[in-house]
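Hello,

Here is the structure we talked about, handed over for you to look through. My notes on what was found in it come after the display.

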Amino acid sequence: MIQVDWTGDLGTGTSGYRAYKRDHEISVFNRPPILGSADASFRGDPSRYNPEEMLVGSLSSCHMLWYLHLCADAGIVVTSYHDDATGTMTETDEGGGRFTAVLLRPRVRIKAGGNLDLATSLHERAHHLCFVANSVNFPVTCRPVIEEG
């Protein structure tokens with residue numbers, strides 16, 4: 001079970017749009033909380049994670065975990081993995097919106113002598129298996145760069 005607790009009451013609750021903080025904590029039993037807020041453009045605290053960042057981060061980390069698993073099974077030794085993932089959103093006239101795309105850009109280093117073609121192709125398999133990517137209604141694209149060394 002994931003718990004979300006609003007921590008932004010400044011003493012008057014939601015008596016006005018500017019009367020409260022968007023701060024909240026996301027927690028799972030026996031783990032440290034994730035400090036959340038809204039995006040800064042919606043009066044959120046920019047030092048905290050916002051839901052949109054966490055969605056893109058969930059897509060990236062799910063893909064990475066599947067990729068590492070598949071590489072381990074295939075005998076490809078990954079020595080580093082870094083992703084600069086981005087999301088594209090569109091806003092509606094009412095102020096709401098939706099994601100229209102997420103782009104994953106993993107930079108992966110594999111041990112010298114590894115199979116670069118297989119290492120690259122496993123990203124497609126990881127995408128196919130990713131629980132989070134299979135749960136969203138917008139395209140998630142992966143453009144990996146694989147290096148040996």
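Helix 1 and helix 2 pack against each other with their axes 8 Å apart, at an angle of about 130°. Please keep in mind that this is a predicted model. An angle over 145 degrees would count as roughly antiparallel, and 65 to 115 as roughly perpendicular; the two helices are therefore oblique to each other. Helix 1 passes helix 2 in a right-handed crossing.

Which residues make the contact? On helix 1 they are H63, W66, Y67, L70, C71 and A74, and on helix 2 they are L118, A119, L122, H123, R125, A126, H127 and L129. Sorted by class, the contact of helix 1 with helix 2 has ten nonpolar residues, three polar ones and one charged one.

Three strands make up an open sheet in the order 4-7-9, and the pairing is mixed. Its edge strands are strand 4 (78-83) and strand 9 (145-148), each of which pairs on one side only. From one strand to the next, the twist averages 15°. Strand 7 (residues 106-110) and strand 9 run parallel and are joined by four bridges. I110, for instance, has E148 in strand 9 as its bridge partner.

Both helices pack on this sheet. Helix 1 (residues 51-74) touches strand 4, strand 7 and strand 9, and its direction makes about 165° with that of strand 4. Helix 2 (residues 116-129) also touches strand 4, strand 7 and strand 9, with its direction at about 150° to that of strand 9.

There is another open sheet, with three strands in the order 5-6-8 and mixed pairing. Strand 5 (86-91) and strand 8 (140-142) stand at its edges; each has a single partner strand, so one side of each is left without a neighbour in the sheet. Here the twist averages 15° from one strand to the next. Strand 6 (residues 97-104) runs parallel to strand 8, and three bridges join them. The bridge partner of V102 in strand 8 is V140.

How does helix 1 sit on the sheet with strand 5, strand 6 and strand 8? Helix 1 packs on that sheet and touches each of these strands, and its direction makes about 35° with that of strand 6.

Regards

Note on methods
Residues are numbered from 1 along each chain as its sequence is written. This is a predicted model: local features need pLDDT of at least 70, side-chain atom pairs count only at pLDDT 80 or more; totals for chains, interfaces and linings use all residues. Side-chain values use heavy atoms; hydrogens and water are left out. Two strands pair if DSSP finds at least two bridges between them. Axes are lines fitted to C-alpha atoms, for helices over the stretch in contact, and angles run from 0 to 180 degrees between N-to-C directions. Contact means heavy atoms within 4.5 Å. Angles under 35 degrees count as roughly parallel, over 145 as roughly antiparallel, 65 to 115 as roughly perpendicular and the rest as oblique. A crossing is left-handed if the near helix is turned anticlockwise from the far one by less than a right angle, and right-handed if clockwise. Ala, Val, Leu, Ile, Met, Phe, Trp, Tyr, Cys and Pro count as nonpolar, Asp, Glu, Lys and Arg as charged, and the others, Gly among them, as polar.
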